[in-house]
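The chain and its model are shown first.

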Amino acid sequence: MENKIVQIKKNNIIVSVNRQGGCLDSIKKDGYEYLWQGAEESWKGKDVAIFPFIARLKDGIYNVDGKEYSMKNHGLIRYATLDVESQEEDEVTLLFKANEETLLQYPYNFTFRSNYSLKDGNLKVTYYVDNIDTKPLYFGIGGHPAFQIPFERKDGVDVIDGNYIVFENELNPNNYYLDENGSFIVKKGPFEKVQRIDLKKEIFQKYKTLMFCDEKFDKVTLYKKDGKNVSMNLNNPKTVAIWTKEYFGGYICIEPWNGIPDISNPKRELSQKDGINKLDPGKRYTFSYSISI
């Protein structure tokens, strides 16, 4: 079986990247694993390089110029195998090009690169989208890293209490509220002022996913009960999603997004969807965030 894992390292940090999906597979420092490693009863993933749509399309379909297309959850890259375009000891760039199969799902010619770098001592994640088509390209994009947090199982539920998230500044965000299945947005509205979130599974039983928007999102830190804390520089994405499965799994995802899932009664035309990005022919779009451990 082909090995799809590539590694970069610097000093005492080793990062593994999976060519399948172009996403993070492991983040270790001094042998300690910071990235969630998946579990059958919870979320089997570890990270997702999200492109060209965030989460789910209503009925799994959308239109481009009136023609109907279908695409899976979180887009195309998640299901693709990327090529290694370049690699050094402390940096790797993976590349994916649109092909006949992707054009049937997403009718645009593009290239997508995921770059992982430890050159400044922290892990920088950068996605590059190049529009090599003759028409504007419409898309959503985002990261989905899941971080291990200490937990214990009580009464059939994984208790994650005692871990918490702190934003650099107090926020007064709006939130995208999901339907009871956690699939589609039913409304956008005010959320309480927030700077610290004490993590509990009950939050995600109520909201499914927190999706904060209309604020400036810079630095956020995950404080863990074992002291193995994680900070992220988010680079002010349009939306920050915070998610874990509502009953099982000792992890929390902190997800910077430029884009949102479909609303419950969406416009079908991709160019008219809420939160969508536009990239003109011949142009490059850059999306990045960094992780410090």
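K273 and D262 are both buried, a term that stands for under 20% relative accessible area, with exposed meaning over 50% and partly exposed the range in between (1.4 Å probe, protein chains only). These two residues form a salt bridge whose closest N and O atoms are 2.9 Å apart; a salt bridge here is a side-chain nitrogen of Lys or Arg within 4 Å of a carboxyl oxygen of Asp or Glu. Both partners lie in the loop between β24 (251–258) and β25 (277–279), so the bridge ties together parts that are eleven residues apart in sequence. Strands (E, at least two residues) and helices (H or I, at least four) are DSSP runs, numbered from the N terminus.

The model is predicted, so local features need pLDDT of at least 70 and side-chain atom pairs count only at pLDDT 80 or more, while totals for chains, interfaces and linings use all residues. Residues are numbered from 1 along each chain as its sequence is written, and side-chain values use heavy atoms, with hydrogens and water left out.

**Salt bridges**

The structure holds 17 salt bridges. Three of them are listed below.

| Pair | Closest N and O atoms |
|---|---|
| K273 and D262 | 2.9 Å |
| K119 and D90 | 2.9 Å |
| E91 and K119 | 3.8 Å |

K119 takes part in a bridge with D90 and in another with E91. K119 is partly exposed, because its relative accessibility is 36%. D90, at 14%, is buried, and E91 is buried too, with a relative accessible area of 19%.

**The surroundings of D130**

Which salt-bridge network includes D130? The network links D130 with E85, R113 and R284. D130 is found in strand β10 (residues 123–131) and counts as buried, because its relative accessibility is 14%. The side chains of D130 and R113 are joined by a polar contact of 3.2 Å. Such a contact is a pair of N or O atoms within 3.5 Å; within protein, one must be able to donate a hydrogen and the other to accept it, and residues adjacent in sequence count only if both atoms are side-chain atoms. Leaving aside neighbours within four places in sequence, D130 is in contact (heavy atoms within 4.5 Å) with N109, F110, T111, R113, L279, K283 and R284.

**Cavities**

On a 1 Å grid over the protein atoms alone, a cavity is a set of points where a 1.4 Å probe fits but cannot get out, and lining residues have an atom within 4 Å of a point. Grid points are joined across faces, edges and corners, and a volume is the space filled by probe spheres set on the points. The count comes to two cavities of 30 Å³ or more.

The largest cavity has a volume of about 40 Å³. Strand β16 (residues 164–171) gives the most to its lining, with four residues.

Definitions and conventions
On a 1 Å grid over the protein atoms alone, a cavity is a set of points where a 1.4 Å probe fits but cannot get out, and a pocket is an open set with protein on both sides within 12 Å along at least five of seven lines; lining residues have an atom within 4 Å of a point.
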